[in-house]
Amino acid sequence: MRLTTLLTTGLGTAAAATVGSLASKSALQSWYPKLTKPSYVPPDLAFPIVWTTIYADIAVTSAISIDELRENDAAEAKKYVAALGANLALNAGWSWLFFGAHRLGASAITALALTLSSADLARRTANVNTAAGTALVPYPLWCAFATKLSTDVWRLNR
């Protein structure tokens, strides 16, 4: 893995995290606590721990995949980079829909799109490097959980 590729994927995931956290910051203190939530909502501390781990995972596994693809198939490397960019845009967009705009239905639909995009990214990664693909599996699993949670929050607060 090249350092420049890791820096690029790291900056991309950090940008998605930053954009998402900007949308979340004030709502976490004012709006979010007032929502009715399902009983299985993890403690608030779980979210930054899980997301920080996932963002680091995305950065590393994507850097591995991009470098291997660039050596073997430049066209597929470009497709991977596009899929990663779309995924990170969905990731950050969910936070703006949920926390920023309070659009619970739209955020649940976006969470589903993010789950599908994350599963696709894990598949693409596994096709390049099995170990990296396996390491990325928690991402779509967490997104699937987030989709269920987003949908239930929407349902409970209509």
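The model is predicted, and residues are numbered from 1 along each chain as its sequence is written. Local features need pLDDT of at least 70, side-chain atom pairs count only at pLDDT 80 or more, totals for chains, interfaces and linings use all residues, and side-chain values use heavy atoms, with hydrogens and water left out.

**Stop 1: two helices**

Two packed helices are described by the angle between their axes and the distance between the axes. Select residues 3-29, helix α1, and residues 74-100, helix α3. Helices (H or I, at least four residues) and strands (E, at least two) are DSSP runs, numbered from the N terminus. The axes of α1 and α3 are 8 Å apart and meet at an angle of about 5°. This makes α1 roughly parallel to α3. Axes are lines fitted to C-alpha atoms, for helices over the stretch in contact, and angles run from 0 to 180 degrees between N-to-C directions. Angles under 35 degrees count as roughly parallel, over 145 as roughly antiparallel, 65 to 115 as roughly perpendicular and the rest as oblique.

Now display the side chains between the two helices. On the α1 side, the residues in contact (heavy atoms within 4.5 Å) include Thr9, Gly12, Ala16 and Leu28. Among their partners in α3 are Leu84, Leu88, Trp96 and Phe99. Which classes of residue make up the contact of α1 with α3? There are 11 nonpolar, seven polar and no charged residues. Here Ala, Val, Leu, Ile, Met, Phe, Trp, Tyr, Cys and Pro count as nonpolar, Asp, Glu, Lys and Arg as charged, and the others, Gly among them, as polar.

**Stop 2: aromatic rings**

How many aromatic pairs does a search of the whole structure find? The search finds 12. Rings of Phe, Tyr and Trp (its six-membered ring) pair if their centres lie within 6.5 Å; planes under 30 degrees apart count as stacked, over 60 as edge-to-face and the rest as tilted.

Select Trp31 and Phe98. Their ring centres are 5.3 Å apart and their planes stand at 70°, so the pair is edge-to-face. Trp31 belongs to the loop between α1 and α2 (46-72), while Phe98 belongs to helix α3, so the pair ties together parts that are 67 residues apart in sequence. Both Trp31 and Phe98 are buried. Buried means under 20% relative accessible area, exposed over 50%, and partly exposed in between (1.4 Å probe, protein chains only).

Trp94 is buried at a relative accessible area of 17%, and Phe99 is buried at 10%.

**Stop 3: charges over rings**

Keep Tyr32 in view and select Lys37. The charged end of Lys37 sits over the ring of Tyr32, 4.5 Å from the ring centre. A charge sits over a ring if NZ of Lys or CZ of Arg is within 6 Å of the ring centre and within 35 degrees of the ring normal. Next, select Arg158, which lies over the face of Trp154 at 4.9 Å from the ring centre.

**Stop 4**

Select Val41, in the loop between α1 and α2. Leaving out residues up to four places away in sequence, Val41 touches Tyr32 and Leu149. Val41 and Phe145 are 104 residues apart in sequence, and their C-alpha atoms are 10.0 Å apart in space.

**Stop 5**

Beyond its neighbours within four places in sequence, Thr5 is in contact with Ala63, Ile66, Asp67 and Arg70.

Move to Arg70, in helix α2. Arg70 is partly exposed, at 47% relative accessible area. Not counting residues up to four places away in sequence, Arg70 touches Thr5, Ala77 and Val81.

**Stop 6: His102**

Finally, select His102, in the loop between α3 and α4 (104-128). His102 has a positive phi of about 60° although it is not a glycine. At 36% relative accessibility, His102 is partly exposed.
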